[in-house]
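Good morning, colleagues. Please look at the sequence and the structure as I put them on the screen.

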Amino acid sequence: MINNWLQKIPTGEAYQINRILYRIQHDREEEKRYVANPDAYIARYTELTPVAAKALESTDIARLYLLGANPYLLRAYCLQLRVPEHDYLAALKAAGEELEHG
Amino acid sequence: MAEIVGTFAVSHTPVMTNLPHAPAGLVSDSVFDAFRRIGERIAHLEPDALVVVSNDHLHNFFLGNMPAFCIGISERYEGPVEDWLKVERKTVPGARELSAHVLQYCLDNGFDPSFSLDLVLDHGMVTPLTLAGVLGRFPIAPVLVNCVQPPLPRMARCMELGKVIGRAIRSFDGASRVVVLATGGIAHDVGTPRMGFVNEAFDRRFLALLGDSDISRLCEYSEAEVNTAGNGAEEIRNWLVAHGIADSRGFELHHYAPVTEWYTGIALGSWRAA
């Protein structure tokens, strides 16, 4: 059965991902630093797991979702980065397939 | 003592203001008409204050500190926080004395909400109040319920909170007429693989149960079936708070449409004043 949430209690890894999504959305200076050099920006967050850092660097929406990014934060993040709606929805569908078929 | 002269609940999806023309004209027009009519009814009731029950969408709160319930106790609020909402940012008056009374009453009567003097409004309040044409017209007392980041408060607990808030409002002697507006839901997914699917059957059953007198069945159904209706459907908690405030009596549905172009089951309803 499909659940509304992947994590009943957020993991530390999800927290670290969400912290970045939240800051880039709510702090104009953070947003500027991110846009200037995304890789360097993400590299500063040494608490991130390698898989989370890689997903953020490549804006891998499906992976971020599967790692526990809050869907509302990830939605707004994709709007902010102007990810085309079609690509965003397709990435989520791919994440759903992965959940279903492993 | 204050009287609750009206209790209303409506959906609040932001796409109604940032993508207003996504659905066919007849569909969106009838939704916008339903919002306008609710706004007219609220204005006609001439409230001294508007208690707005909604949820933050991770603008005020974050995983660093996530309250299950929070009551805003400011003299004014600004919003919307979202630049992309296509609604002009403005400052609206807060019903501080009523909020403070409700907060204290909750703490004295078995609930421990957090409070905030620094809430920014997001689409959860701004979109429906704008569509109803009453944003900033009446001082607001915001009540926020965590519907967006698990673990979430239980459905029955939200209804119980509503009962206490209802008693709090009725024991407030600083106003005579109070209107309640809950916002959110109903069926929709935000940012999940199921986004775009609207579980109309869930919505119709939930709305029917609101009109029924059996509150335990309503809460049990909500808790058990919300996972079939999407993470956005978790916002029915706000409707359950309103149901509790209205003493679980006299629900009437004004409008319902499953609007896939807005990803959401859009509903508007009210409870008859006791």
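Which residue is the bridge partner of Gly79(B) in E5(B)? The partner is Lys90(B). Before going further, I note that this is a predicted model, in which local features need pLDDT of at least 70, side-chain atom pairs count only at pLDDT 80 or more, and totals for chains, interfaces and linings use all residues. Residues are numbered from 1 along each chain as its sequence is written, while chains are lettered from A and ligands numbered from 1 in the order in which they are written.

Strands (E, at least two residues) and helices (H or I, at least four) are DSSP runs, numbered from the N terminus. Strand E4 of chain B, residues 76-79, runs antiparallel to strand E5 of chain B, residues 90-93, and four bridges join them; two strands pair if DSSP finds at least two bridges between them.

Turning to chain B as a whole, its secondary structure comes to eight helices and 10 strands. Of its 274 residues, 57% count as buried.

Finally, the interface: 24 residues of chain A are in contact with 21 residues of chain B, contact meaning C-beta atoms, placed from the backbone, within 7 Å. On the side of chain A that touches chain B, the largest share, six residues, comes from H6(A). Thank you.

Technical notes
Contact = placed C-beta atoms within 7 Å. Buried ≥ 20, exposed ≤ 12 C-beta atoms within 10 Å, placed from the backbone.
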